[in-house]
Amino acid sequence: MFPAPIAGQPGKENAYRIALLVSLTVWLLPILAVALTSMRSIEDLNKGDIWSLPRHPKLIENYADVLTNSAMPNFIFNSFLITVPSVIGTLALSAMAAFVLAKIHFPGRAVLLGVFIAGNLAPFQALMIPVRQFTIETLGIYDTHLALILFHTAFQTGFCTLLLHTFIRRVPEALIESARLDGVSEVRIFYKVVLPLIRPALAAAAVLVFTFVWNDFFWSLVLVQSDDVRPVTAGLQSLRGMWLASWHLISASAIIAAAPPVTVFFLMQRHFITGLTSGALSE
Amino acid sequence: MTPVSQRSSRLETVLAWRSRHDRVLSAILLLAPACVMFFVFVIWPIIQTFRLSFYAWDGVGAKRWIGAGNYRELLNDPVFLHAITNNVIWLLCYGLAPIVGLAIALFLNQKIRGIRVARCLFLLPFVISQVVVGVVFGWFFSAHFGLFDKIVAAFDLPPMALLDHENTAVFGVIAAGLWPQSAYCMILYLAGLTALKPELIDAARLDGAEGWTMLRHVVLPQLRPITYLVLLVCCVSALRNFDLVTIMTGGGPYNSSTVAAYYMFEQIFLSFRYGYGAAIASVLFGMIEICVIYFLWQMTRREHD
């Protein structure tokens, strides 16, 4: 292990813990400041108070203000309505595709994987005009939840297929061959043998896609224009334009917007990190 | 009535046919939905964008073929050239992310109780939406409430209002981007550090190597594949960034902090120049693919060494 382990040396361990605490505070300073501001009164703010503990904490008032007097609850609801179906759609499409790419030999497999990589690294700007025209003219779903769901499902499928592919490849070949010899069909092998074995990978893909889709800003500007459909990222920006210097309200909204992915992340951190680093380790 | 043997042999042929074709059929069946969706929403649009970059189009009327006209105009467009310069500044500054990320990863590569929570907290900036990061940092640097200027004032320096000045705005935005990017690099390096070969480390330690020497000659060479991956993701996110620029400066003041991704968006939604926007997008796509191909080539080349 590098650097040399310090566990079991009480002196060093305590010093390390203090260093950890200090560095974490500095690292998360922006988040702490926002959390603190979200519970300040406007009087405190106008005096230029930022660091002191709020003198008249307005924690409940500020959050209640945001949740009752703005479109924020709507935006949050929209984000869920867009994100959850996108996660389910992406997992379904990419698990099937990844199984074929990992376990059925056919010419052009490598090319197909390459296309998924290249497409996934493309800047959104290179897709924007045709995708927008397509949802307006061909599908007639511009400014609906479905437009965002379909796009996110398609785009995230590229990334997820690559991710799941690295996990399905590790399923022992013998297991699949013996099922084949027993006359089990490929679809049933996928469903009965492979899927149960890659459940952790599916969880990893699900948390990552949830975070990516929830946090998307670009497509919620491009494919949506009304408050009834707008997800929370674009919603936060439009509220900011409205509230200008009401930083206590903006901070509270920012915390609300960040809360769902952060919660999911902490609940499933092991899967999140496995998914994020699987590419690094399979190289 | 057909004899039994004949019937069973027919059955065998049918079964053989089915198992042979079952694989092909199910392959197609399982692969098709993903491929169709990805083709329709990703691959085909990229091709269309490239084609559109040779036309003049306002998004409504007829498209007019103008050959390389858009690209010729780009070469003489001072805002576009400035945007590309800023993209290069982003690329160079994002070189800090792997360094910071590796430093934090080395710091966190210990096995004590609660280390998992600490790692998660360090990764937190990456989990939060860039819109939130942009809002937070926009406030951090703002002239009126900005924490940054309060810190600066503590050192007896004049207030900077970083985002309000043409020379500094782009660096303010990049600083915000480096925060989540370093967290991402950190988690990749941590995975790499956990996978180090212990026998090599122990052998080097017996030879008296430690600290800096150990890092340079034993650890970093083993981390090389990860370093290429880290550099690749840093290049791609540096060039792709749109959210932070939009939220923090809107490309301003006076286009000073604009980047290709943002300028393209402006050309479409403010100037309705679809063909010109498509040309900008194509240039950006080209820049990113060059980075990708370079690093993938480096990775495979090292493997063959």
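Helix 1 of chain A lies largely in the open, because the number of buried residues among its 18 is one. Keep in mind that this is a predicted model. The length of the helix can be checked too. Helix 1 covers residues 10–27, and at 1.5 Å a residue its 18 residues should span 26 Å.

Now the rest of chain A. The chain has 15 helices and zero strands. Its C-alpha atoms fill a box of roughly 75 × 65 × 30 Å along the principal axes. Of its 283 residues, 46% are buried. If we take the contacts in chain A between residues at least 6 apart in sequence, 76% of them join residues at least 24 apart.

How many residues does each domain give to the contact between them? Domain 1 of chain A gives seven residues and domain 2 of chain A gives six. On the domain 1 side, helix 2 (29–37) and helix 3 (42–46) of chain A each supply at least two residues. The largest share, three residues, comes from helix 2 of chain A. By class, that side of domain 1 has four nonpolar, two polar and one charged residues.

One residue in helix 3 of chain A is worth a stop, and that is A:Asp44. Is A:Asp44 buried or exposed? The cut-off for buried is 20 or more other C-beta atoms within 10 Å. A:Asp44 has 20 other C-beta atoms within 10 Å, so A:Asp44 counts as buried. As for sequence against space, A:Asp44 and A:Leu244 are 200 residues apart in sequence, and their C-alpha atoms are 17 Å apart.

Next, chain B. This chain has 14 helices and two strands. Its C-alpha atoms fill a box of roughly 105 × 75 × 35 Å, again along the principal axes. A compact globule of 305 residues would have a radius of gyration near 19 Å, but the value for chain B is 27 Å. Buried residues come to 41% of the 305 in chain B. Among contacts in chain B with a separation of 6 or more, 68% are between residues 24 or more positions apart.

The two chains touch. The contact takes 75 residues from chain A and 78 residues from chain B. Which helix of chain A gives the largest share of its side? It is helix 14, residues 247–267, with nine residues. By class, the chain A side has 56 nonpolar, 15 polar and four charged residues.

Last, the nonpolar core. In soluble globular proteins, nonpolar side chains tend to be buried together. The largest nonpolar core here has 170 residues. Those with the most contacts inside this core are B:Tyr189, B:Ile280 and B:Leu284. Helix 8 of chain B, residues 169–194, supplies the largest share of the core, 15 residues. What does B:Ile280 touch, leaving aside its neighbours within four places in sequence? B:Ile280 is in contact with B:Leu74, B:Phe80, B:Ala260, B:Tyr263, B:Met264 and B:Gln267.

Notes. Residues numbered from 1 in each chain as written. Chains lettered and ligands numbered in written order. Predicted model: local features only at pLDDT ≥ 70, side-chain atom pairs only at ≥ 80, totals over all residues. Contact = placed C-beta atoms within 7 Å. Helix = DSSP H or I, 4+ residues; strand = E, 2+ residues; numbered from the N terminus. Nonpolar A, V, L, I, M, F, W, Y, C, P; charged D, E, K, R; others polar. Buried ≥ 20, exposed ≤ 12 C-beta atoms within 10 Å, placed from the backbone. Core = buried A, V, L, I, M, F, W, Y, C linked by C-beta atoms within 7 Å. Rg over C-alpha atoms; globule rule 2.2 N^0.38 Å. Expected span 1.5 Å × (residues − 1).
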